[in-house]
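Have a look at the sequence and structure first.

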Amino acid sequence: MPRFLPLFLLSCLAAALPAAAVDFSHEVVPILKKHCAECHMGDKKKGGFSMNTREDLLAGSENGKVLIEGRGAESLLIQLITSVDSDEQMPPKGTRLTAAEVQTLTAWVDAGVPWTAGFAFKKGAYEPPLKPRRPLLPAASAGRENPVDRILDAHLAKQPGPVPAPLSDNAFLRRVYLDLVGLLPSPEQLTAFLADSAPGKRQQAIALLLNTPQPYAEHWLTFWNDLLRNDYAGTGYIDGGRKQISAWLYQALLENKPYDQFVRELVAPTEGSEGFGKGIKWRGQVSAGQLVPVQFAQSMGQTFLGINLKCASCHDSFIDRWKLEEAYGLAAVFSDEPLEIHRCDKPTGRQAKASWLFPELGQIDASQPPAERLKQLAALMTHPENGRFTRTIVNRLWHRLMGHGIVHPVDAMQSEPWNSDLLDFLATDLADHQYDLKRTLALICSSKAYQSVAEVLKEDADRNYTYAGPRSKRLTAEQFTDAIWQITGAAPRKFDAPIKREGSAPRPEQALAAKWIWSGDQKAKAAASGETVSFRTRFHLAALPQTASAVLTCDNGFKLWVNQKEIARSDQWETPVAVDLLDALRTGENEIVIVGTNGGQGPNLAGLWMQGQLRFADGSLQTLNSGPAWLWNSAVPRSDGLFTPDPGHWKPAVEVNGAAWQGINDALQALLVENANGGGPMVRAALMKSDFLMRALGRPNREQIVSMRPNDLTTLEAMDLNNGQILTTRLETGARAILQKQAGAGSAALVSWLYAFAYSRAPSPAELALATEALGSPPNAAGLQDLLWVLLVQPEFQMVR
Amino acid sequence: MNPLPLDSTQPRRDFLKKLAAATTAAMMSRGGQLIASDAVIQPKATADAVIILWMAGGMAAPETFDPKRYQPYEKGAPMANVLSTFPAIDTNVDGIKICQGLEHLAQVMDRATLIRSCVQPDLGSILHSRHQYHWHTGYVPPQTVAAPHLGAWMAKVLGPRNPVMPAFINIGQHLEGHGESEELKAFTTGGFFGSEFGPMNLPVPDEAAQSVRPPKGMDAGRFENRSALFRKLLDQNPQRDIISDFQRESMLRSLENAHRLLSSKERAAFDISLEPKESQEAYGSGRFGQGCLLARRLVENGARFVEVTTEYIPFVHWDTHSDGHATVERLHQEIDRPIARLIRDLESRGLLDRTLVVVASEFSRDAMIEGVPNSTAGDQATVKGDTLESPQHYGLHRHFTGGTNVLMFGGGMKRGHLYGATAEERPLVAIKDPVSIPDLHATIFTAMGISPKTAFDIEGRPFYATIDGTGRAVRDLFA
């Protein structure tokens, strides 16, 4: 019988009892604590006797019943505390009970062992229910019909404190945009929304956001990449020990694949989705607890069920109920080969038998081949009676939107929810609506609870959580980055994720026009191993282009400077690099310097290849292609790209037969085409490899599953915001771009526009005055760059309030 | 610059008091709760800063601090005869010889403890970054939780030595742009302690000053104006009174801290161009030498943990898969004078006793054996042959895990001390007093006053400074 049921019965019982002759809480509890706690409370159960709960007390000891309700004098407990036989008396050592204490306890037993409902000397381990439960919804009050509000209004009615105040239209729009599609509402969208007087406009906004597949998918990609530890670069990819699921995942989010189907495809995978279950395999031997099948068990347990099997995959868990045997059972479902159970990395001699964690719902047929076992696992995982599965995901979504899980932390689903009706309702509602995650998001966002002012947090906010409205969330690294790109219009044109993205289809092919060059005539003589050569080209720009990009590679490696600014380096010549040159260019004279290095063991072919393109506002193009017009020198510049002293004697570069590098022509071609694209939907940070700024803003290395990113900004992260190069460059470029686009706008108008975009509100008169003054009149690029920084680093910007 | 260490004049007792306070502070912050630590630490710690000098890529012991029978380059000589390609030279300690090319280091051996018997586990297949991960975190990847770097442990348990100075600084390693950079990133982190305890990365020492300066293209005046505007607009924020929120306050505190370093006197420590010319020349123009100089300046100004690497790039520097002798000859020059000078500088400033300097590498190298004898590890030498056919063959081109050198200076270690030994003939495995990574780490932790059994709670389980709390400090190394 599950443990939580008697508690429920007990509360009925307690209510039915006549008024007790003794005060349990104030008289009995202190006596029991004082004399019995050492051996019979908490984890202690001497003689098999625990006093933690009334049920435990009545269950008695190894020797049978200890209490007879209503008959104190006949009860063993009273006999032992009054016994003079030192072999049997209780407590065996220490102070005996006083006569008055004995009298109180006797009266208490005589009265039928009254107990405060729900009281326990130490809380028994909470065991969450497995099956789904459909709670009865409380009646709606004040027209708050949304089921979430009906449950939470009833919840709030039972606790002190006010109902959270409603959120303004401005704040609502910013919050719902960031939460559902990860973007800021533009000033135009904000204005239109504020002007709209239709009563259902918030509902419409929610529906509109959820019904635009691409922004939705590209925002939630971050959430799922964290949870499925998928990334575009990372450990394991280097020698095939890891496989991306990016294309599959992106498509699944675009289609809004029903969650049960989504998970079935991750558990019993297709080629595109198998990367998750296969985990990360490092070359060489790994500990038993990190073998691929064991990783599989850990990943499935954590991501889909909120179960931490990391402890149990080494030994029976000390923190929850999972056993080594069970963790290995789940691992064996995946394993192609017999899997020996290891305890703390030592073989036990026992073979794991494929099985799953909740046999109440059915079991895996261990005699089946792996593919079939995985199908069975997928079916059990998404079994309609598996309430743990749906509770886990709705709790994650609640956490993302409301800032704190109903069960918290969200990966510890064995813990008690602060409102089980809410959790159970959302879980069954998801299952009842074709596992449509967007439905759950819409349900939460439509509630007055979501549309309330964020809670003001105290330092101890995470201890003893009490619901008091939504909590502010820190912008994710991706949201922060996207927001900057939105405001400045300076998003990159190409992205890293290997996905098919609408609006990014290749334009007509660009021919490979650049030449392979090196320092000498290699037809006769190969380049020496380790030879390092500097190449240089100079050009004049009457005006800055709108875009400037290049694709390059060098056998074996290169470093590229534009106007003494290092742009890129690589020693992977087989993987050409696409670079954005725009930030480094200036009007007037420009200089590109590339230092190429030959590798290998002896003299061998070396070559540099670069094809660049500058596109100007009038549509004209200028190329920057390597060829005999470039110059070379054997001197190498300093780390800032400067030659000191000037080496002189620059000689024309020599064209090298490119036949040797034909193998990467396709890669060069593809990169050129990709790089030349523009004008589609803004490239999103979730599609980019992580960079230092994103890491500084909390984007995790996805070696482990991450379900909650840290909510606070650390000092080191703040340093990256303060003077880090990536943000500085981005804002410098951004300021120029804004000025170009908003040409003619006065400083005050520009400030209002920035406030509308960044904060979804108008500046106060004082803010307007300060910011306008900082911009200068007319606004200048440096002033704008600094104002951008000031606005973007303010907590108001960095939080979703 | 006139170096004035922040707390070098303070008596030891004050330092310990501060240390205790820092520990408490570290306990309170995020990234795991301290759940276990021994109060009594033996032997008694005297160090409060660590400098790791990382010979990335596998520094061959027989080519550096454990010379064996010298085999000059002779065309046709059997490869099996090659143990060392450098002759041995005397040092200023009787009984300790090291390889030719390390003449400056030979003259500071009387300040060193040399361990010749470090051993690495056979992980089946050699992947540098995996062994480096193990060396730097004490845990072999993959792990179920993100293991913190040694420096992150110091930052977490001891906190910064000087509040404005980042506690963990990592010098010389680019984390982008080459073959195994993702794997390097995996251990160059605060791990589950969080980014607060992660490294400040300074890949190019002579550009380090930039990291504590206003951004490029922004003069100090403009930078200050920007900060002033930030504060003014913060004060005018209409939500200021509504949101006196903890999260917001903590965000502002971090921004304030970041700004503090940029306006502190300690920021000069990052600028090696302020160093006297004689000193700059002694450290040399190589990146590693400049890194040593930077490390000294940072430690003088209160850095807790600094790592300086020769930089790991696959097949480059210490990762000699061919032409090893010539490469190591160059590397000798790169490290010899700077390390010796660093030790002398720390000593003359009275900092050597309280600064533990550790010269180490992920494993050693051998001319014949990959891994350890009988390992299943595949042979990765790029030039093969039974005899020396060209200078390219001349060197130790296989990864060897059976006997590795660690050189320590200061920090309470013995002086002029030799510990452990390897065989005189192949296989050159440790034959006396082997030191494992947990024991080496326990030694470093203990020297810093941290119990090797220190553990933090992560996901409900204990995570120890040395695996399962098993590391034991090598008592014989302590003075």
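Predicted model: local features only at pLDDT ≥ 70, side-chain atom pairs only at ≥ 80, totals over all residues.

In α4(B), the buried residues are B:L150, B:G151, B:A152, B:W153, B:M154, B:A155, B:K156, B:V157 and B:L158. Buried here means that 20 or more other C-beta atoms, placed from the backbone, lie within 10 Å of a residue's own; 12 or fewer makes it exposed, and anything in between partly exposed. That's 9 of the 9 residues in this helix, which spans 150–158 of chain B.

Residues are numbered from 1 along each chain as its sequence is written, with chains lettered from A and ligands numbered from 1 in the order written.

Helices (H or I, at least four residues) and strands (E, at least two) are DSSP runs numbered from the N terminus. Contacts are pairs of residues whose backbone-placed C-beta atoms lie within 7 Å.

| Chain B | Value |
|---|---|
| Helices and strands | 11 helices, 17 strands |
| Buried | 57% of 479 residues |

Now the cores: sets of buried Ala, Val, Leu, Ile, Met, Phe, Trp, Tyr and Cys residues joined through C-beta atoms within 7 Å. The largest has 283 residues, and B:M154 is among those touching the most other members, as is A:A331. A:A331 touches, among others, A:P293 and A:L339, leaving aside residues up to four places away in sequence. A second, separate core has 38 residues, including A:I517 and A:L581.

Definitions and conventions
Contact = placed C-beta atoms within 7 Å.
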